[in-house]
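Welcome! Work through these exercises with the sequence and the 3D view side by side, and try each task before you read its solution.

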Amino acid sequence: MDPDVLRVLFSEDDIHKIVRDLAQKVQKDYTDKVPLVVCILKGAVIFMTDFVREYNGQLEMDFMDVSSYAGASSTGEVRILKDLDSSVKDRDVLILEDIIDTGATLQSLTELFGNRGANSVRICTLFDKPSGRKVFAHTDYVGASVPDEFIVGYGMDYNERYRNLPYVGVLKPAVYTK
Ligand code: PRP
């Protein structure tokens with residue numbers, strides 16, 4: 001285990017089971033459809049690569065990087081750092097996220113894709129931190145809930161580090177209070 005990690009919350013095996021279950025559930029709902037699966041960079045990239053390999057059906061992949069503005073007056077504003085290559089018009093969009101915290105990113109993206117004419121927009125998040133919610137964010141598929149702690153690994157970072165840990169763990173507070 002990385003010395004900066006206090007404890008493991010989800011092992012590699014735990015994550016594999018969660019991702020496989022999510023992919024199977026999603027697949028059942030998209031029979032006869034070819035979803036455009038959108039990975040929100042960078043946190044969701046590891047989840048994306050595992051998810052698509054557990055999904056036994058046709059799909060297309062695209063990637064987007066955004067920064068959103070949370071707060072009481074959030075109106076779905078989103079700053080696009082890297083936009084999609086594909087058009088979402090008339091597409092069934094499935095957004096993949098590693099974690100929902102305040103809800104601002106997902107609220108913004110759902111609104112954005114709706115405005116761009118998507119046929120449907122669904123959200124699949126590996127983890128949800130309900131204690132962090134500031135704005136409403138609808139979720140369709142949730143892998144697991146996580147406590148109000150600083151978690152890293154499997155795509156999630158602190159100052160860009162720890163994304164490559166194959167498990168999800170709680171970061172030692174000493175690391176981010178230095
Ligand atoms: C994280 C995570 C989500 C977002 C969730 O991304 O990957 O995209 O925050 O937070 P929210 O619900 O409060 O909007 P981050 O901005 O840290 O970028 P990263 O994925 O590149 O680490």
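**Exercise 1. With which residue does R163 form a salt bridge, and how far apart are the closest N and O atoms?**

Some ground rules come first. This is a predicted model, in which local features need pLDDT of at least 70, side-chain atom pairs count only at pLDDT 80 or more, and totals for chains, interfaces and linings use all residues. Residues are numbered from 1 along each chain as its sequence is written, and side-chain values use heavy atoms, with hydrogens and water left out.

Step 1. Recall the term: a salt bridge is a side-chain nitrogen of Lys or Arg within 4 Å of a carboxyl oxygen of Asp or Glu.

Step 2. Look around R163. The partner is D157, with the closest N and O atoms 3.5 Å apart.

Step 3. Sort the two by exposure (buried means under 20% relative accessible area, exposed over 50%, partly exposed in between, with a 1.4 Å probe and protein chains only). R163 counts as buried because its relative accessibility is 17%, while D157 counts as partly exposed because its value is 23%.

Step 4. Widen the view: K42, D157, E160 and R163 are linked in a network of salt bridges.

**Exercise 2. Find the residues that surround the ligand, and the polar side-chain atoms beside its oxygen atoms.**

Step 1. Count as near any residue with a heavy atom within 4 Å of the ligand. There are 14 residues around the ligand, and the closest are E97, D98, T102, G103 and T105.

Step 2. Search for polar contacts, here pairs of N or O atoms within 3.5 Å. T105 has a polar side-chain atom 2.5 Å from an oxygen atom of the ligand. For R163, a side-chain N or O atom is 3.0 Å from a ligand oxygen. For D157, the corresponding distance is 3.2 Å.

Step 3. Check the cover. The ligand alone exposes 500 Å², of which the protein buries 74%; such accessible areas come from the Shrake-Rupley method with a 1.4 Å probe.

**Exercise 3. Compare two further salt bridges.**

Step 1. Start with the total: the whole structure holds eleven salt bridges.

Step 2. Take D83 and R116, whose side chains meet at 2.8 Å, N to O. D83 sits in the loop between β4 (78–82) and β5, R116 in the loop between α3 (104–115) and β6, and the two are 33 residues apart. Helices (H or I, at least four residues) and strands (E, at least two) are DSSP runs, numbered from the N terminus. D83 is partly exposed, at 30% relative accessible area, and R116 is also partly exposed, at 30%.

Step 3. Now take R133 and D128, whose closest N and O atoms are 2.9 Å apart. Here R133 is partly exposed because its relative accessible area is 26%, but D128 is buried because its value is 8%.

**Exercise 4. Which residues have the most contacts inside the largest nonpolar core?**

Step 1. Define the core: a set of buried Ala, Val, Leu, Ile, Met, Phe, Trp, Tyr and Cys residues joined through side-chain atoms within 4.5 Å.

Step 2. Read off the answer. The largest core has 30 residues, and F47, F51, L94 and C124 have the most contacts inside it. Among the elements that give two or more residues are α1 (12–29), α2 (45–54) and β5 (92–100). With six residues, α1 gives the most.

Step 3. Find the other core, which lies apart: it has 18 residues, among them V78, L106, A118 and A137.

Conventions:
A residue is near a molecule or strand if one of its heavy atoms lies within 4 Å of it. A polar contact is a pair of N or O atoms within 3.5 Å; within protein, one must be able to donate a hydrogen and the other to accept it, and residues adjacent in sequence count only if both atoms are side-chain atoms.
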